[in-house]
Amino acid sequence: MRFAVSLLAIIAIASIIGTVLKQNEPYNNYLNQFGQFWFPLFEIFGLYSVYGSGWFLLLLAFLVISTSACLIRQTPGILREMRGFREHAQEISLRQFGLHIELDYRGTREALTPVLAAYLREHGYRFRSNLRSGATLFAAKSGSWHRTGYWLAHGAIVTICLGGLADGNLPLKLRLLLGDKVVTQGNQAISAIPESARLGPDNPSFRGNLFIPEGQSQSLAVLNVRDGILLQELPFAVSLKRFVIDHYATGAPKRFASEILLTDRATGQSFERVVEVNHPVTYRGITLYQASFDDGGTRLNLVVQPLGKMTDTPRGAADTLVGVVGESGRHGDYTIEFTGFRALNVEPLDSEPTQTKPLRERFAERFAGSGRNADQRRMANVGPSFSYKLRDTSGQAKEFNNYMFPVSIQGRWWLLTGVRENPNEPFRYLRLPLDADGRIDTFVAMRTRLLDPGQHRSIAQTFARRSLPSGTTSETVQTRLADTAQRTLQLFAEQGFDSVGRFIEANVPSAEREQAAEVFVKLLEGCAWQALIDAHAALGRPAPTTEADTAAFLRATLTAMSDSLHYPAPFWLQLSGYDEVKASVLQATRSPGMTPVFLGCALLTVGVLIMLYGRERRLFLLVQDGGKLLVAMSAHRKSLALAAEFREHSQGIARLANSGFDGSGPTRAADV
Amino acid sequence: MDIADTPINPDSRSRLASPGRWAYALVLAFGTIVTLVRYGEHMDGFELAILVGTTLTLAALGWHWLASAALTLVSGALALLAIDLYRGDLARAEQVFALKYLLASQSAIGWMSMLFLMATAAYWIGLLARSPFASAVGRGLTWAASALGTAGLLARWHESYLIAPDYGHIPISNLYEVFVLFCLITALLHLYYEGRYPSRNLGAFTLLVISAAVGFLMWYALERGAHEIQPLIPALQSYWMKIHVPANFVGYGAFALAAMVAVALLLAGRGVLAPRLPSVQVLDELMYRAIAIGFAFFTLATILGALWAAEAWGTYWQWDPKETWALIVWLNYAAWLHLRLTRGLRGSVLAWWALGGLLVTSFAFLGVNMFLSGLHSYGSL
């Protein structure tokens with residue numbers, strides 16, 4: 001017992017290691033975390049997969065053996081206890097019981113004994129009477145079957161551990177150890193995976209993943225073993241007809257389900273099934289669970305829109321591109337890795353979260369009324385988005401996340417393209433304004449004009465002519481305005497408002513800076529207006545009107561243009577259409593230990609309840625000639641309830657002993 | 001042995017109230033039949049089994065412990081009143097006086113919290129001022145808090161369906177909701193043992209742990225807005241949740257109670273407050289009783305969890321941090337029971353152990369959610 005308990009303690013400690021250290025991560029993560037020195041050391045001790053490590057299984061095995069040994073050792077004693085009545089107990093030992101009392105009785109011993117026997121029977125005691133010289137001993141007991149609780153509980157632990165051991169798949173571990181099977185790397189074609197890393201359908205116990213895109217079929221499960229994989233052949237093929245995700249109104253997922261077709265590889269028979277979270281499907285002893293989902297290679301129709309500095313931008317009409325999620329493409333010098341697609345993005349409508357109110361108000365609000373706040377943020381689906389990595393010739397990659405549809409922010413519609421350099425950062429979004437027709441074209445056309453140094457002169461001149469028509473002022477003033485406007489456009493084309501600001505700081509005394517800035521903004525807006533007129537003409541649209549909204553659009557365009565100069569790529573990809581293909585990740589397991597484990601669990605529950613609440617009692621009544629009656633009581637487990645029971649029995653028996661045996665029978669003193 | 005320390009309250013064994021018991025059973029049966037007639041077509045086999053099982057459990061509990069019947073009836077009546085006042089419109093929580101200030105779930109849970117804090121204060125006054133009256137007030141407040149808390153959870157259940165039919169679920173699905181459950185179960189276990197054992201003034205200790213839970217609950221709602229009803233993620237949409245979670249919390253509640261009894265035992269053993277506390281034997285027995293019932297339920301809960309895991313995740317056990325810590329808690333109390341039952345150990349060693357057990361239990365309950373990530377990340381902080 002002591003051995004088993006200390007083993008349990010060690011297992012508890014091992015479990016703590018397993019919790020503190022994240023298990024079954026890619027080995028590179030551990031290498032980064034612990035460095036060259038500790039990494040191999042920890043690997044030897046199996047700390048990256050504590051629960052599958054040899055020493056942990058050995059501990060479990062020891063636990064099974066010692067608990068079994070304990071069971072075997074204790075069994076004869078328990079059997080003796082269950083069978084025996086101890087009818088040969090001596091008076092002297094009875095007097096040493098913690099609970100004993102000596103009563104007087106009237107009448108003869110022979111008259112009292114049947115009454116006592118009836119009393120014992122009535123209270124559920126079985127007994128043996130033992131006649132000795134001048135005395136009769138009733139050795140009674142009840143509930144000795146409760147001792148079975150010990151077998152059930154401890155036998156259950158052995159059963160559960162054996163079941164667990166069966167699922168630990170020792171034969172496979174042995175084959176891996178002997179080199180008969182070798183794990184391989186996951187990043188290779190299935191056909192290239194050697195026979196030594198494949199397991200046949202006869203493998204008794206496994207747990208692996210099937211990645212199935214919609215419309216495709218799979219009959220191999222991937223088992224993650226240590227730092228590599230093994231392939232498990234299944235006796236059937238699973239083809240995914242459709243993967244379904246339902247959502248709540250909040251956008252939170254409500255249901256994941258895979259509509260699959262199972263085809264038995266031996267008989268060729270097919271069955272339609274639906275695998276859902278919490279609703280697995282079992283076929284031929286293998287159970288399929290909905291584990292996860294992914295993109296299965298969605299086709300993205302893309303428009304390449306120039307952005308960033310004009311100097312690196314290829315001119316001409318926008319290119320189009322077709323990308324497939326999970327694959328890569330090229331554009332110019334860049335490799336594009338298409339990493340993901342989401343058909344649905346539910347975002348809060350109000351961009352600002354509700355302000356923090358004082359504690360008292362929050363209390364009055366949150367602890368009154370229903371479990372739903374009136375000020376709950378409204379959510380809406382803003383449509384599809386996709387992400388890609390752009391890798392330049394030096395191998396540097398940046399990650400982008402673009403929305404397909406425009407988003408309304410502060411009363412205006414924008415297209416959003418997000419970028420981040422590091423996967424731990426959130427995306428920073430560049431907002432591109434849409435024109436009154438809801439199109440991006442005006443912005444693109446204006447941008448190619450305003451940021452192209454070759455067009456600055458003509459824009460500036462047209463702007464100057466319109467601002468100061470010939471005849472009202474001299475040619476020189478007009479030329480000076482055109483020059484200033486051109487300089488401003490050149491400045492702006494470098495780094496947007498940043499370079500304009502730096503120019504002002506460097507050249508204008510601080511008292512006049514604000515005024516100068518206003519002038520520069522006026523100039524830029526004037527040029528932008530000119531660019532807008534040109535853009536409309538080029539796009540074949542009617543000339544723009546001077547509405548308030550046009551002014552707002554010009555400002556938004558200038559801001560977006562200024563920001564776009566910091567965009568770390570010469571183009572962004574606009575999603576114009578898609579053909580979504582989802583993929584489902586199913587988990588396939590064969591678990592022969594499941595039945596013994598659950599049997600063990602049932603035994604354990606019953607056993608624990610019996611052990612904790614079983615009431616085994618022994619009652620000894622020694623009727624001695626001369627009117628003396630010794631009552632003694634004991635139990636397998638001491639408790640306060642036992643003392644109370646003893647008191648009730650001794651009172652009940654005392655009443656009988658003094659009643660003169662009128663045959664009325666014992667009174668019902670207590671229900672035990 | 002001191003005969004005055006009768007562990008069994010004679011009243012609780014009396015058969016005098018049998019008509020009351022039968023009447024209670026009839027009320028339960030009536031309620032179940034009404035539920036079956038009105039909602040039976042929407043329930044599957046498991047839900048029917050859980051409904052009938054709940055009825056039988058409540059009947060058995062009421063038969064054995066009559067006071068629990070009163071609690072069921074009062075909180076059930078309050079919840080029915082709330083449902084009636086709602087008339088299918090959640091907005092009425094803000095419009096109807098009785099809902100806004102008493103019966104809507106957050107109002108009722110707010111009342112529960114306040115009443116538990118007041119009960120703690122009353123028990124402490126009773127202990128320090130040797131005032132049986134104050135202790136009686138503490139007991140009354142604890143009952144009232146339990147009734148309102150239960151009614152609040154039931155109202156919350158209804159409210160979740162009012163938000164949207166597909167939102168509806170039993171309110172034991174996140175950390176906020178199970179904290180309310182924890183308060184209620186611990187309070188009920190305390191009230192049960194208080195009625196059965198001469199456990200004068202023990203409430204001062206057991207209510208401390210409930211107050212701590214109430215403190216957490218308030219912080220969680222006020223700072224994190226955790227009181228909002230959220231829809232169920234697919235992994236939690238299972239009938240197993242209805243039995244796995246409550247079973248677990250009977251375990252947690254009982255272990256917390258045992259630790260508080262252990263504090264009293266350690267104090268009484270050193271003579272501190274000894275004349276005002278139950279005898280060391282009674283405390284020892286109480287501690288054992290609490291751990292025994294906690295262990296039985298925790299075993300059951302872990303097994304139910306394994307059954308559910310097999311259905312949802314594909315394996316009955318995969319050493320997820322919550323599972324691992326459940327095992328550690330289980331092993332801890334298994335060792336405690338071995339020491340007491342086979343070694344016959346008693347007294348302060350086991351009391352310290354039970355107190356340490358509370359740390360282990362709290363880590364399994366809260367720490368795992370705070371510091372570790374895993375499959376059970378439903379109530380992350």
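A salt bridge here is a side-chain nitrogen of Lys or Arg within 4 Å of a carboxyl oxygen of Asp or Glu. Lys254(A) and Asp166(B) meet in a salt bridge through their side chains, with 2.8 Å from N to O. The model is predicted. The points below take up the interface of chain A and chain B, then the domains of chain A.

**Chain A against chain B: extent**

- In this interface, 64 residues of chain A are in contact with 81 residues of chain B.
- About 6000 Å² is buried between chain A and chain B, and carbon and sulfur atoms give 64% of that area.
- Asn278(A), Phe367(A) and Leu640(A) supply 14% of the area that chain A buries against chain B, which is more than any other three residues supply.

**Chain A against chain B: polar and charged pairs**

- The rule finds 2 salt bridges across the interface of chain A and chain B, one of them between Lys254(A) and Asp166(B).
- Between chain A and chain B, 26 residue pairs are in polar contact, with both residues at pLDDT 80 or more.

**Chain A against chain B: what chain A contributes**

- Elements of chain A that give two or more residues to the side touching chain B include the helices α1 (2–20), α6 (148–167) and α16 (640–658), as well as the strands β8 (253–264) and β24 (582–590).
- α15(A) provides the largest share of the side of chain A that touches chain B, with 10 residues.
- That side of chain A has 32 nonpolar, 19 polar and 13 charged residues.

**Domains of chain A**

- The domain assignment divides chain A into domain 1 (1–83 + 145–167 + 594–608), domain 2 (89–143 + 615–657), domain 3 (187–296 + 581–591), domain 4 (299–304 + 311–434 + 572–579) and domain 5 (452–564).
- Taken over C-alpha atoms, the centres of domain 3 and domain 4 of chain A are 31 Å apart.

**Domain 3 against domain 4 of chain A**

- Here 5 residues of domain 3 of chain A are in contact with 6 residues of domain 4 of chain A.
- The two domains bury about 440 Å² between them, 59% of it on carbon and sulfur atoms.
- On the domain 3 side, Thr250(A), Asp295(A) and Val581(A) lose the most area to domain 4, together 69% of what that side buries.
- The residues of domain 3 that touch domain 4 divide into 1 nonpolar, 3 polar and 1 charged.

How values were computed:
Residues are numbered from 1 along each chain as its sequence is written. Chains are lettered from A and ligands numbered from 1 in the order in which they are written. This is a predicted model: local features need pLDDT of at least 70, side-chain atom pairs count only at pLDDT 80 or more; totals for chains, interfaces and linings use all residues. Side-chain values use heavy atoms; hydrogens and water are left out. Domain bounds come from an automatic or database domain assignment. Contact means heavy atoms within 4.5 Å. Buried area is the accessible area (1.4 Å probe) that two parts lose on being put together, summed over both. Ala, Val, Leu, Ile, Met, Phe, Trp, Tyr, Cys and Pro count as nonpolar, Asp, Glu, Lys and Arg as charged, and the others, Gly among them, as polar. A polar contact is a pair of N or O atoms within 3.5 Å; within protein, one must be able to donate a hydrogen and the other to accept it, and residues adjacent in sequence count only if both atoms are side-chain atoms. Helices (H or I, at least four residues) and strands (E, at least two) are DSSP runs, numbered from the N terminus.
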